[in-house]
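Reader: I have a structure to look through with you, and I would like to take it step by step. Could you put it up before I start asking?

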2 protein chains.
Amino acid sequence: MFANRLFFDISDTQKIEELRNKIFTEYDSNQVGYYSLPIENENLLSDINIWGRKIQNIQNIVVIGVGGSSLGTKALYSMLYHEKKADTPNLYFLENIDPITIKKTLQRIKLEESLFFLVSKSGTTLDTISIAKIVMVHFEIFPNNKCFGKYFAVITDEGSALNKFANEYGLKSFLVPKNVGGRFSVLSAVGIVPLTLCGIDTTKLLRGAAECKNEFFTQKSTTLLKKAIAYTIKGGQNINVLFSYSDIFREFNAWYVQLWAESLGKKKGSKCVGLTPVGLIGAIDQHSFLQLIVEGPKDKSVTFIRVENMSDDMLIPDISLKYIEKADIKKGISAAALLNEQALATMKSIINEGVITDEIAIERADAFHAGYLIYYFELLTSLCGLLLEVDTYSQPGVEIGKKILLDKLGK
Amino acid sequence: MFANRLFFDISDTQKIEELRNKIFTEYDSNQVGYYSLPIENENLLSDINIWGRKIQNIQNIVVIGVGGSSLGTKALYSMLYHEKKADTPNLYFLENIDPITIKKTLQRIKLEESLFFLVSKSGTTLDTISIAKIVMVHFEIFPNNKCFGKYFAVITDEGSALNKFANEYGLKSFLVPKNVGGRFSVLSAVGIVPLTLCGIDTTKLLRGAAECKNEFFTQKSTTLLKKAIAYTIKGGQNINVLFSYSDIFREFNAWYVQLWAESLGKKKGSKCVGLTPVGLIGAIDQHSFLQLIVEGPKDKSVTFIRVENMSDDMLIPDISLKYIEKADIKKGISAAALLNEQALATMKSIINEGVITDEIAIERADAFHAGYLIYYFELLTSLCGLLLEVDTYSQPGVEIGKKILLDKLGK
């Protein structure tokens, strides 16, 4: 069960219907590929299963990729790590051209036990390819070595430079549909391949995403429409906080931040528009950032995420410590219950201050609900993009720095 | 060397002098204790060294604390991990009342090899004390056990409830000056004790902080004054981005975010003021959030942090991969140099867009520069607080939720 309560009301039914029509039109255009990912991936899963049998003895899967090529996968792996199947490989990420992190990761793995996925839609991302070259030299394994294809595979667009490279040297390529943008690609091969190989239940994950799709496009739920309208009302809240209660959501927050910032920050003629995402972890950030939400400018909306039924077998011991009895709590409260009560108390204190607030309560922190969450925030992003009238799926602003860099360092 | 270049100008010398007078007055009042921490800690260091000899065979130091009691320590440990002394204990954190993380951490450590620090200024933080009780039950070690003091110690205010508890059961207490606020406490016992025990060069750390103090208060550098004025000009940039180039700064960003948000988000009569912090990691976030900075609303300032001389022995291999030659770069460029060039190129692209930008280039990612950075951002926070005319050192907004919670769950 995925329950989303809005503590605000949007009653303009005409605006709601207009927005619904817009997203249905975008859906029908077939130009935005992520909408269909939850139901089009059966072939991919069987391909992974067949190919996966060949890679016995692999203990480490290493994703070499950045931004949309890594963040979604990392988000789901962290969120679902506690329920991954036993005896499946560990997942590592080489995202940053940072010698300290690269060294640390390479020291932890052996070539014979590892499989590297080069993940890039275009295949020419400078950071990603440079890291791949460092890995090749470190392990002394190069494209014309016989066993290159045993250790390297690619996830990329069909016909991309990286796909051609893979074909030239006999590497396995998993393909991403061209109409699926990088930051909307986690439910394509980009996320599904490494997650499946690392023992995450991706069938259930896709089923969760399909359920969200169904509720929105078939059952025509209005919740997301109302939320998008509330976020884009002129002069409203231009900072959107995601307050997630559990450490397992840390990377999910980071995925949300990149999705939101890169999709909605755009030039619109001579105007600059955009919404600023902030990711917080409860209960930790109650002890700091909350102060700014409660007493600072009312330019923020807050979405709480909490897990109704978390691992419930850890009770707060009913012992009293001399002089610190103030911190004693009622008997029989679990850590999970305390975490939930913290969320509810904080929510109440924020609503009292008039902050635009909503609550997402998921039944369990499992693959089904993770898939639902991913699709939910992708839809919300698309809806806000339609309301802001920007091109949600492009990123012209990040190209300028790349050009400056290539002019200086390129061959 | 710590070089801070501002790419904007503040020429109002009267305002600069007024601000300087204000902070000198605050400094002289002795009410804000963190100002003096870099030079008052010699006794603490010798206390740690003497006491440290007693705790042989300890392999894990575990900090049980949240917010100001953990974030600064975590920031410095992550930033300096690559230069910690050999054969020193590892540092763990139990911050969140999250059963999944608590379980994971407790599974990794054995009681006989571990030392737990209860860190709380007041000593009655509900989350911290609840986690401590879970640890006690997990390892079956309680206050009236003979060897309790072998495994537990506290860091707290003199005379606090936690200090009394420690005295009652014979635990070692390291004390924090009362006039040092939680989020400004990392250079007090809060950070210095666990970091010293874990092999971080805290003498050098404090020397770096003292150097920043000296440049500001004695040599009267105007850089920080100008920066604070630029950030608080009315109608200006109310989102302040810290774009740090290296994964080692991830937790430092988190420390900055809590410091900035909690110090500056305040009610001022009937008005709500505050600045919103955002922490980014380069080069990773060039592939996402950068889009919002370049093309989104011009409500953001950006500070770049980069390390001039990073570990320079990892070269980008001068090999060319068929079909992906576009990603080839000049011969002899190291990963560290590429990371720096990415920062410079991104900085250029942002300045071109008219964003308020400055650059902090530190010579090395070592304890000296880490100490400088900490003190630098603390000073900047104090200066902005003075300009916004708020009480930088209080946090009334986080108390409301705590009260709601205690009303429901307290005994």
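Author: Here it is, and please keep in mind that this is a predicted model. Chain A has 15 helices and twelve strands.

Reader: How does the radius of gyration of chain A compare with the globule rule?

Author: The radius of gyration of chain A is 23 Å, which is close to the 22 Å that the globule rule gives for 411 residues, so chain A is as compact as a globular protein of that length. Along its principal axes, the C-alpha trace of chain A spans about 65 × 60 × 45 Å.

Reader: And what share of chain A counts as buried?

Author: Of its 411 residues, 55% count as buried. If we take the contacts in chain A with a separation of 6 or more, 79% of them are between residues 24 or more positions apart.

Reader: What domains does the assignment give for chain A?

Author: The assignment gives domain 1, made of 2-28 + 205-388, and domain 2, which covers 32-200. Their C-alpha centres lie 29 Å apart, and the contact takes 25 residues from domain 1 of chain A and 22 residues from domain 2 of chain A.

Reader: Which helices supply the domain 1 side of that contact?

Author: Helix 1 (13-29), helix 9 (202-218), helix 11 (250-264) and helix 14 (367-388) of chain A each supply at least two residues there, and helix 11 gives the most, with nine residues. By class, this side of domain 1 of chain A has 16 nonpolar, two polar and seven charged residues.

Reader: Changing topic to the two chains, how are the copies related?

Author: Chain A can be laid on chain B with an RMSD of 0.0 Å by a turn of 180° and a shift of 0.0 Å along the axis, and the two copies are thus related as by a two-fold rotation axis. In chain A, the C-alpha nearest the axis belongs to Val278(A), 3.7 Å from it.

Reader: Do they meet through the same surface or different ones?

Author: The copies meet through the same surface, because 100% of the interface residues of chain A are also interface residues in chain B. The contact takes 96 residues from chain A and 96 residues from chain B. On the side of chain A that touches chain B, helix 13 (residues 335-352) of chain A gives the most, with ten residues, and the residues of that side divide into 49 nonpolar, 25 polar and 22 charged.

Reader: Which residues touch the most other members of the largest nonpolar core?

Author: That core has 269 residues, and those touching the most other members are Ile64(A), Leu76(A), Phe117(A), Ile64(B), Leu76(B) and Phe117(B). To take one of these, Ile64(B) touches residues including Leu94(B), Phe116(B), Phe117(B), Ile131(B) and Val135(B), not counting residues up to four places away in sequence. As background, nonpolar side chains tend to be buried together in soluble globular proteins.

Reader: What about Val66(A), is it buried or exposed?

Author: Val66(A) is buried, with 27 other C-beta atoms within 10 Å, and its place is in the loop between strand 2 (60-64) and helix 3 (71-80) of chain A. Not counting residues up to four places away in sequence, Val66(A) touches Glu95(A), Thr125(A), Asp127(A), Thr128(A), Ile284(B) and His287(B).

Reader: How many residues of helix 8 of chain B are buried?

Author: Nine of its nine residues are buried, so helix 8 (residues 189-197) of chain B is mostly covered. Just after helix 8 of chain B, Gly199(B) takes a positive phi of about 85°.

Methods
Residues numbered from 1 in each chain as written. Chains lettered and ligands numbered in written order. Predicted model: local features only at pLDDT ≥ 70, side-chain atom pairs only at ≥ 80, totals over all residues. Domains from an automatic or database assignment. Contact = placed C-beta atoms within 7 Å. Helix = DSSP H or I, 4+ residues; strand = E, 2+ residues; numbered from the N terminus. Nonpolar A, V, L, I, M, F, W, Y, C, P; charged D, E, K, R; others polar. Core = buried A, V, L, I, M, F, W, Y, C linked by C-beta atoms within 7 Å. Buried ≥ 20, exposed ≤ 12 C-beta atoms within 10 Å, placed from the backbone. Least-squares fit on C-alpha atoms with pLDDT ≥ 70 in both. Rg over C-alpha atoms; globule rule 2.2 N^0.38 Å.
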